[in-house]
Amino acid sequence: MKVASVTITSESKADIIGDCLMSVSPHVDANILVILDNTGCEKDNTIEVAKKICGSKLMIFHYDASGFSTGEARNFALECAQSAGFDW
């Protein structure tokens, strides 16, 4: 069975995304990162940090967060995992 971690974040979390991904990356086949776009947050190097830690395990998807709904973002993340061949 393949295992993936799914992290939903804005593109302004470089200060915490590294620790988050380092804690799960050794134990999964893929790290799925869902970036919430249009949050109004200033962008930093979140994606670069994720790429450095996860390498080829990283899969990035973007979600339009204008009119953000936690449930919709979660469902989008599950669809991303399923499209990448993971069951939920």
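1. Let's start with L36. Leaving aside residues up to four places away in sequence, L36 touches I8, T9, S10, E11, Y63, A65, F68 and A73. Do keep in mind that this is a predicted model.

2. L36 also belongs to the largest nonpolar core, which has twelve residues in all. Its other members include A30, I32 and V34, along with Y63, A65, A73 and F86. Two elements, β2 and α3 (70-83), each give two or more residues to this core. Apart from it lies another core, of ten residues, with I35, V49, A50 and L58 among them. As a general point, nonpolar side chains in soluble globular proteins tend to be buried together.

3. Next, T9, which sits in strand β1. Is T9 buried or exposed? Its relative accessibility is 8%, and buried means under 20%, so T9 counts as buried. Beyond residues up to four places away in sequence, T9 touches I17, L33, V34, I35, L36 and T46.

4. Now for helix α1, residues 14-24, where the buried residues are A14, I17, G18 and L21. Viewed down the axis of α1, these buried residues fall within an arc of 100°, so they line one face of the helix. Why might such a spacing work? An α-helix has 3.6 residues a turn, so residues three or four places apart point the same way.

5. What do the buried residues of α1 pack against? Their partners are β1 (4-10), β2 (30-37) and α2 (46-54). On the face of α1 turned away from its buried side you will find the exposed residues D15 and D19.

How values were computed
Residues are numbered from 1 along each chain as its sequence is written. This is a predicted model: local features need pLDDT of at least 70, side-chain atom pairs count only at pLDDT 80 or more; totals for chains, interfaces and linings use all residues. Side-chain values use heavy atoms; hydrogens and water are left out. Buried means under 20% relative accessible area, exposed over 50%, partly exposed in between (1.4 Å probe, protein chains only). Helices (H or I, at least four residues) and strands (E, at least two) are DSSP runs, numbered from the N terminus. The arc is that of the directions from the helix axis to the C-beta atoms. Contact means heavy atoms within 4.5 Å. A nonpolar core is a set of buried Ala, Val, Leu, Ile, Met, Phe, Trp, Tyr and Cys residues joined through side-chain atoms within 4.5 Å.
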